[in-house]
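Subject: Structure for your files

Hello,

Here is the structure you were expecting. Please open it next to this message, and keep the sequence at hand for the residue numbers.

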Amino acid sequence: MNGGKAAFLAQRPVSRETLARLECYAALLEKWNGAINLVSKSTLAQLWTRHFLDSAQIFDLKPEGARSWADLGSGGGFPGLVIAILAAEAAPELRVTLVESDIRKATFLSTVARETGVQVEVRPERIEALAPLGADAVSARALAPLDDLLGYAARHLAPEGRAIFLKGAAHAQEIEEALAHWRFDVQKHPSKTDPKAVILSIGGLARV
Ligand SMILES: C[S@@+](CC[C@H](N)C(=O)[O-])C[C@H]1O[C@@H](n2cnc3c(N)ncnc32)[C@H](O)[C@@H]1O
(Lines give C-alpha, C1' and ligand atoms only; values in the text may rest on other atoms or scores of the structure.)
Protein backbone atom coordinates (compact mmCIF):
# COMPACT_ATOMS: atom_id res chain seq x y z
CA MET A 1 0.00 0.00 0.00
CA ASN A 2 1.44 3.41 -0.98
CA GLY A 3 -0.70 5.35 1.53
CA GLY A 4 0.02 8.79 -0.01
CA LYS A 5 3.82 8.55 0.23
CA ALA A 6 4.40 10.67 -2.88
CA ALA A 7 2.09 13.40 -1.56
CA PHE A 8 3.89 13.33 1.77
CA LEU A 9 7.33 13.65 0.16
CA ALA A 10 6.15 16.50 -2.06
CA GLN A 11 5.17 18.51 1.04
CA ARG A 12 7.78 17.34 3.54
CA PRO A 13 10.99 16.11 1.92
CA VAL A 14 13.11 13.87 4.17
CA SER A 15 16.51 12.23 3.86
CA ARG A 16 16.93 8.71 2.53
CA GLU A 17 17.62 7.40 6.05
CA THR A 18 14.52 9.06 7.56
CA LEU A 19 12.43 7.77 4.65
CA ALA A 20 13.66 4.22 5.32
CA ARG A 21 12.64 4.59 8.98
CA LEU A 22 9.17 5.87 8.04
CA GLU A 23 8.76 3.00 5.56
CA CYS A 24 9.68 0.51 8.28
CA TYR A 25 7.15 2.17 10.62
CA ALA A 26 4.44 2.09 7.93
CA ALA A 27 5.03 -1.62 7.28
CA LEU A 28 4.81 -2.47 11.00
CA LEU A 29 1.68 -0.36 11.43
CA GLU A 30 -0.06 -2.10 8.54
CA LYS A 31 0.95 -5.48 9.99
CA TRP A 32 -0.24 -4.75 13.56
CA ASN A 33 -3.29 -2.63 12.78
CA GLY A 34 -5.69 -5.54 12.24
CA ALA A 35 -4.95 -6.89 15.71
CA ILE A 36 -4.85 -3.71 17.82
CA ASN A 37 -6.52 -0.94 15.82
CA LEU A 38 -3.77 1.67 15.95
CA VAL A 39 -5.46 3.92 13.37
CA SER A 40 -8.95 3.64 11.93
CA LYS A 41 -8.99 1.35 8.89
CA SER A 42 -10.50 4.09 6.74
CA THR A 43 -7.39 6.28 7.20
CA LEU A 44 -4.81 3.56 6.48
CA ALA A 45 -5.00 4.33 2.75
CA GLN A 46 -3.77 7.87 3.53
CA LEU A 47 -1.31 6.86 6.24
CA TRP A 48 1.48 9.14 4.97
CA THR A 49 -0.68 12.27 4.75
CA ARG A 50 -3.32 11.76 7.47
CA HIS A 51 -0.82 10.54 10.06
CA PHE A 52 2.84 11.04 9.06
CA LEU A 53 2.43 14.55 7.58
CA ASP A 54 0.00 15.56 10.34
CA SER A 55 2.69 14.58 12.88
CA ALA A 56 5.66 16.02 10.97
CA GLN A 57 4.09 19.48 11.00
CA ILE A 58 4.12 19.31 14.82
CA PHE A 59 7.84 18.53 14.83
CA ASP A 60 8.38 21.56 12.59
CA LEU A 61 7.04 23.75 15.44
CA LYS A 62 9.64 22.45 17.92
CA PRO A 63 10.36 25.21 20.45
CA GLU A 64 13.82 26.71 19.99
CA GLY A 65 16.39 24.89 22.11
CA ALA A 66 14.00 22.15 23.28
CA ARG A 67 15.90 19.10 24.54
CA SER A 68 13.03 16.98 25.87
CA TRP A 69 9.61 16.24 24.39
CA ALA A 70 6.72 14.27 25.85
CA ASP A 71 3.88 13.03 23.64
CA LEU A 72 0.77 12.18 25.65
CA GLY A 73 -1.65 9.42 24.63
CA SER A 74 0.54 8.42 21.68
CA GLY A 75 -1.64 5.52 20.52
CA GLY A 76 -0.04 4.20 17.32
CA GLY A 77 2.68 6.88 17.63
CA PHE A 78 1.07 10.12 16.42
CA PRO A 79 2.60 12.56 16.61
CA GLY A 80 5.31 11.37 19.06
CA LEU A 81 6.94 8.52 17.19
CA VAL A 82 7.13 10.49 13.93
CA ILE A 83 8.71 13.33 15.95
CA ALA A 84 11.31 10.89 17.32
CA ILE A 85 12.06 9.57 13.81
CA LEU A 86 12.50 13.07 12.36
CA ALA A 87 14.55 14.17 15.39
CA ALA A 88 16.96 11.22 15.03
CA GLU A 89 18.66 13.17 12.23
CA ALA A 90 17.36 16.73 12.53
CA ALA A 91 17.59 17.19 16.32
CA PRO A 92 19.63 14.30 17.78
CA GLU A 93 19.85 16.08 21.16
CA LEU A 94 16.07 15.76 21.65
CA ARG A 95 14.89 13.09 24.13
CA VAL A 96 11.38 11.90 23.27
CA THR A 97 9.04 10.20 25.76
CA LEU A 98 5.82 8.52 24.62
CA VAL A 99 3.10 8.10 27.26
CA GLU A 100 0.52 5.45 26.35
CA SER A 101 -1.43 3.49 28.95
CA ASP A 102 -2.61 0.70 26.61
CA ILE A 103 0.02 -2.02 27.03
CA ARG A 104 -0.44 -3.49 23.53
CA LYS A 105 0.00 -0.07 21.91
CA ALA A 106 3.00 0.66 24.14
CA THR A 107 4.52 -2.66 22.99
CA PHE A 108 3.94 -1.61 19.38
CA LEU A 109 5.67 1.74 20.02
CA SER A 110 8.71 0.02 21.56
CA THR A 111 8.83 -2.43 18.64
CA VAL A 112 8.88 0.36 16.04
CA ALA A 113 11.54 2.24 18.01
CA ARG A 114 13.73 -0.88 18.13
CA GLU A 115 13.21 -1.80 14.46
CA THR A 116 13.90 1.73 13.22
CA GLY A 117 16.85 2.22 15.58
CA VAL A 118 15.34 5.36 17.11
CA GLN A 119 15.81 6.30 20.78
CA VAL A 120 12.52 6.87 22.64
CA GLU A 121 11.33 6.19 26.15
CA VAL A 122 7.93 4.49 26.17
CA ARG A 123 5.98 4.92 29.42
CA PRO A 124 3.04 2.49 29.58
CA GLU A 125 1.31 4.49 32.31
CA ARG A 126 -1.50 6.96 32.84
CA ILE A 127 -0.60 10.57 32.15
CA GLU A 128 -2.15 11.81 35.40
CA ALA A 129 -0.34 9.18 37.51
CA LEU A 130 3.10 9.53 35.93
CA ALA A 131 5.69 11.55 37.90
CA PRO A 132 6.11 15.00 36.28
CA LEU A 133 8.40 14.80 33.23
CA GLY A 134 9.53 18.45 33.14
CA ALA A 135 9.53 18.40 29.32
CA ASP A 136 10.44 21.41 27.16
CA ALA A 137 7.59 20.45 24.79
CA VAL A 138 4.43 18.43 25.28
CA SER A 139 2.21 17.29 22.41
CA ALA A 140 -1.06 15.45 21.94
CA ARG A 141 -3.47 14.61 19.15
CA ALA A 142 -7.03 13.33 19.55
CA LEU A 143 -6.67 12.87 23.30
CA ALA A 144 -9.00 15.23 25.22
CA PRO A 145 -10.66 18.68 25.22
CA LEU A 146 -8.19 21.56 25.54
CA ASP A 147 -9.19 22.27 29.16
CA ASP A 148 -8.13 18.72 30.16
CA LEU A 149 -5.03 18.78 27.93
CA LEU A 150 -3.82 21.89 29.76
CA GLY A 151 -4.10 20.00 33.06
CA TYR A 152 -1.87 17.26 31.62
CA ALA A 153 0.53 19.84 30.18
CA ALA A 154 0.73 21.71 33.50
CA ARG A 155 1.83 18.45 35.14
CA HIS A 156 4.50 17.50 32.59
CA LEU A 157 5.89 20.77 31.17
CA ALA A 158 9.04 22.55 32.32
CA PRO A 159 8.31 26.13 33.53
CA GLU A 160 9.25 27.71 30.18
CA GLY A 161 7.94 24.81 28.07
CA ARG A 162 5.33 24.89 25.32
CA ALA A 163 2.38 22.60 24.65
CA ILE A 164 1.63 21.81 21.01
CA PHE A 165 -1.78 20.39 20.27
CA LEU A 166 -3.57 19.50 17.05
CA LYS A 167 -7.14 20.68 17.23
CA GLY A 168 -10.15 20.52 14.92
CA ALA A 169 -12.90 22.91 13.85
CA ALA A 170 -14.09 23.54 17.44
CA HIS A 171 -10.75 24.98 18.58
CA ALA A 172 -12.04 28.52 19.17
CA GLN A 173 -14.74 27.26 21.52
CA GLU A 174 -12.25 24.98 23.29
CA ILE A 175 -9.95 27.97 23.88
CA GLU A 176 -12.88 29.98 25.28
CA GLU A 177 -13.77 27.17 27.68
CA ALA A 178 -10.17 26.64 28.77
CA LEU A 179 -9.78 30.34 29.60
CA ALA A 180 -12.22 29.82 32.48
CA HIS A 181 -9.53 27.80 34.27
CA TRP A 182 -6.21 28.73 32.66
CA ARG A 183 -4.11 31.71 31.66
CA PHE A 184 -1.84 31.18 28.64
CA ASP A 185 -0.49 32.64 25.42
CA VAL A 186 -1.48 30.85 22.25
CA GLN A 187 -0.17 30.85 18.69
CA LYS A 188 -2.41 29.32 16.01
CA HIS A 189 -0.85 27.66 12.98
CA PRO A 190 -2.94 26.38 10.04
CA SER A 191 -2.86 22.61 9.55
CA LYS A 192 -1.31 21.34 6.30
CA THR A 193 -3.61 18.33 6.27
CA ASP A 194 -7.05 19.73 7.13
CA PRO A 195 -8.29 23.25 6.32
CA LYS A 196 -10.55 23.24 9.41
CA ALA A 197 -7.82 22.14 11.83
CA VAL A 198 -5.12 24.15 13.58
CA ILE A 199 -2.02 23.54 15.63
CA LEU A 200 -2.03 25.44 18.90
CA SER A 201 1.32 26.31 20.45
CA ILE A 202 0.68 27.29 24.06
CA GLY A 203 3.05 28.81 26.61
CA GLY A 204 2.97 30.81 29.84
CA LEU A 205 0.52 28.29 31.28
CA ALA A 206 -0.89 29.00 34.73
CA ARG A 207 -4.09 28.11 36.60
CA VAL A 208 -6.54 30.99 37.05
C1 LIG B 1 -7.84 8.50 20.33
S2 LIG B 1 -6.30 7.83 20.68
C3 LIG B 1 -5.21 8.93 19.81
C4 LIG B 1 -3.87 8.31 19.57
C5 LIG B 1 -2.86 9.19 18.82
N6 LIG B 1 -2.49 10.35 19.59
C7 LIG B 1 -3.40 9.61 17.47
O8 LIG B 1 -3.71 10.78 17.28
O9 LIG B 1 -3.51 8.73 16.57
C10 LIG B 1 -5.98 8.24 22.38
C11 LIG B 1 -4.88 7.39 22.99
O12 LIG B 1 -4.58 7.91 24.29
C13 LIG B 1 -4.47 6.85 25.21
N14 LIG B 1 -4.88 7.42 26.50
C15 LIG B 1 -6.11 7.94 26.80
N16 LIG B 1 -6.12 8.43 28.05
C17 LIG B 1 -4.87 8.20 28.56
C18 LIG B 1 -4.27 8.48 29.84
N19 LIG B 1 -4.96 9.09 30.80
N20 LIG B 1 -2.97 8.13 30.03
C21 LIG B 1 -2.27 7.53 29.02
N22 LIG B 1 -2.79 7.23 27.80
C23 LIG B 1 -4.08 7.57 27.58
C24 LIG B 1 -5.41 5.76 24.70
O25 LIG B 1 -4.99 4.48 25.12
C26 LIG B 1 -5.28 5.95 23.19
O27 LIG B 1 -4.27 5.12 22.66
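Predicted model: local features only at pLDDT ≥ 70, side-chain atom pairs only at ≥ 80, totals over all residues.

In general, the strands of a sheet pair through backbone hydrogen bonds, in either a parallel or an antiparallel manner. Both kinds can be found here. Strand 1 (residues 68–72) and strand 4 (residues 135–141) run parallel and are joined by 3 bridges.

Strand 7 (residues 198–207) is antiparallel to strand 5 (residues 157–167), with 5 bridges between them. Strand 7 also pairs in the antiparallel sense with strand 6 (residues 182–190), over 8 bridges.

Helix packing

Two helix pairs are described here. Helix 2 (residues 16–36) packs on helix 6 (residues 103–116) at an angle of about 155°, and the axes are 10 Å apart. Because an angle over 145 degrees counts as roughly antiparallel, helix 2 is described as roughly antiparallel to helix 6. The crossing of helix 2 past helix 6 is right-handed. On the helix 2 side, the contact is made by Arg21, Cys24, Tyr25, Leu28, Trp32 and Ile36. Helix 6 contributes Arg104, Lys105, Phe108, Thr111, Val112, Glu115 and Thr116. By class, this contact has 7 nonpolar, 2 polar and 4 charged residues.

The other pair is helix 4 (residues 47–59) with helix 5 (residues 80–90), which pack at about 60° with their axes 8 Å apart. That angle makes helix 4 oblique to helix 5. Helix 4 also passes helix 5 in a right-handed crossing. Phe52, Ser55, Ala56, Ile58 and Phe59 of helix 4 meet Val82, Ile83, Leu86 and Ala87 of helix 5. The contact of helix 4 with helix 5 has 8 nonpolar residues, 1 polar residue and no charged ones.

The ligand shell

How many residues surround the ligand? There are 16, and the closest are Gly73, Gly75, Ser101, Arg141 and Ala142. Sorted by class, the shell has 5 nonpolar, 5 polar and 6 charged residues.

Two backbone details

The peptide bond joining Phe78 and Pro79 is cis, with omega at about 0°. Pro79 sits in the loop between strand 1 and helix 5. The other place is Asn37, where phi is near 50°, a positive value in a residue other than glycine. Asn37 belongs to the loop between helix 2 and helix 3 (41–44).

Regards

Conventions
Residues numbered from 1 in each chain as written. Near = placed C-beta within 6 Å. Nonpolar A, V, L, I, M, F, W, Y, C, P; charged D, E, K, R; others polar. Pairing = 2+ DSSP bridges. Helix = DSSP H or I, 4+ residues; strand = E, 2+ residues; numbered from the N terminus. Axes fitted to C-alpha atoms, helices over the stretch in contact; angles between N-to-C directions. Parallel < 35°, antiparallel > 145°, perpendicular 65-115°, else oblique. Left-handed = near helix turned anticlockwise from the far one by under 90°. Contact = placed C-beta atoms within 7 Å.
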